[in-house]
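Here is a short walk through one protein model. Follow the ligands from one to the next.

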Amino acid sequence: MDCIFCRIVRAEIPAEVVARTDDVVAFLDVQPLADGHVLVVPLAHEACVEDLEPAQADALFRVVRLLAGPVREAVDGAGTTIGVNNGTATGQTIPHVHVHIVPRWQNDGAGSVHTIFPRKAYRDVKEVGTLIRAAVAEASSGIDVGRGAD
Ligand code: 5GP
Ligand code: ZN
């Protein structure tokens with residue numbers, strides 16, 4: 001397996017590891033967007049969030065939650081942007097799930113999640129809501145998809 005994050009998980013190549021559990025490793029990004037830019041990865045090699053087993057996803061986001069405060073505080077940040085490039089079309093360069101935690105400051109020159117998008121949405125919101133509820137209902141049991149806003 002040639003995956004760079006698998007190699008970091010197995011400690012075959014160096015990384016500035018900041019946390020490790022039975023399911024997850026967190027380390028500093030080698031090309032940080034800001035001081036304290038952390039990547040949180042599951043030990044399991046899966047490309048996208050939806051490929052993770054529920055327990056793997058739980059473990060991943062549990063560590064993200066745990067690190068968000070300490071990472072921010074360690075570099076005197078005012079907040080964090082937490083994001084996942086989920087699939088090659090989104091700009092994901094390494095096909096092993098990784099959650100970016102990037103510390104932020106007032107007027108740091110970076111945008112919000114909204115600034116990624118040129119705002120191209122053409123379809124009726126109710127129609128899209130119906131489609132997604134149907135897809136969620138088919139894909140899962142145990143999630144209440146409700147009936148929409150009516
Ligand atoms: P992506 O664009 O796939 O969401 O982000 C991949 C991230 O992994 C990039 O921010 C990049 O700087 C980081 N990265 C790539 N190779 C390495 C590496 O060998 N070590 C570390 N620590 N980070 C890496
Ligand atoms: Zn991998």
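An oxygen atom of ligand 1 sits 2.8 Å from an N or O atom in the side chain of His100. A polar contact here is a pair of N or O atoms within 3.5 Å; within protein, one must be able to donate a hydrogen and the other to accept it, and residues adjacent in sequence count only if both atoms are side-chain atoms. His98 has a polar side-chain atom 2.7 Å from an oxygen atom of ligand 1. Val30 uses a polar backbone atom, 3.3 Å from a nitrogen atom of ligand 1. Taken alone, ligand 1 exposes 520 Å², and the protein buries 81% of that (areas by the Shrake-Rupley method with a 1.4 Å probe; for residues, only the protein chains shown count as cover).

This is a predicted model: local features need pLDDT of at least 70, side-chain atom pairs count only at pLDDT 80 or more, and totals for chains, interfaces and linings use all residues. Residues are numbered from 1 along each chain as its sequence is written, chains are lettered from A and ligands numbered from 1 in the order written, and side-chain values use heavy atoms, without hydrogens and water. The mean pLDDT (the predictor's confidence in each residue, from 0 to 100) of the protein is 95.

Now turn to the zinc ion, ligand 2. Its protein donors are Cys3 (SG), Cys6 (SG), His45 (ND1) and His96 (ND1), 2.0 to 2.3 Å away. Donors are N, O and S atoms within 2.8 Å of the metal (3.2 Å for Na, K and Ca); water is not among the atoms, so sites may look incomplete. In sequence, the donor residues are spaced C-x2-C-x38-H-x50-H.
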